[in-house]
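I am opening a notebook page for this chain. I will go from the overall layout to single residues.

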Amino acid sequence: MTQDDVGINGISRQMVSLIELARTDITASKLKVIADNLKVKVKDLFDFE
């Protein structure tokens, strides 16, 4: 999956890159967009087990 795939609905590839590099803050709504594009729940983005 590419950065374009993750951010296709509402988040630019550049923003996804900044998020990955921890160079920007992310809002709950953007987390929801990413989770939806990955077909997971938002809480799954924080499950590190």
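What share of the 49 residues in the chain is buried? I find that buried residues make up 18% of them. Buried here is under 20% relative accessible area, exposed is over 50%, and partly exposed lies in between, with a 1.4 Å probe and protein chains only.

I note the basis before going on. The model is predicted, so I recall that local features need pLDDT of at least 70, that side-chain atom pairs count only at pLDDT 80 or more, and that totals for chains, interfaces and linings use all residues. Residues are numbered from 1 along each chain as its sequence is written, and side-chain values use heavy atoms, with hydrogens and water left out.

**Entry: layout.** I looked up the elements. The chain has three helices and zero strands. From the N terminus the order is α-α-α. Helices (H or I, at least four residues) and strands (E, at least two) are DSSP runs, numbered from the N terminus.

**Entry: contacts and surface.** I took contacts between residues at least 6 apart in sequence; 29% of these join residues at least 24 apart. A contact means heavy atoms within 4.5 Å. The accessible surface of the chain is about 3900 Å². Carbon and sulfur atoms hold 54% of that surface. Areas come from the Shrake-Rupley method with a 1.4 Å probe; for residues, only the protein chains shown count as cover.

**Entry: α3.** Which residues of α3 are buried? I list L31, I34, A35 and N37. They sit on the same side of α3, because they cover an arc of only 165° around the axis. The arc is that of the directions from the helix axis to the C-beta atoms.

L38 is also in helix α3. I find L38 partly exposed, at 31% relative accessible area. With M1 and V40, L38 forms a nonpolar surface patch of about 280 Å² accessible area together. Nonpolar side chains (Val, Leu, Ile, Met, Phe, Trp, Tyr) are joined within 5 Å, like charges within 9 Å.

**Entry: backbone.** Most residues other than glycine have a negative phi. I looked for exceptions. K39 is exposed, at 76% relative accessibility. A22 also has a positive phi of about 60°, and is not a glycine. I place A22 in the loop between α2 (13–20) and α3 (28–38). Is A22 buried or exposed? A22 is exposed, at 65% relative accessible area.

Note on methods:
Patch = residues over 30% accessible without salt bridge, like charges linked within 9 Å, V, L, I, M, F, W, Y side chains within 5 Å. Salt bridge = Lys/Arg side-chain N within 4 Å of Asp/Glu carboxyl O.
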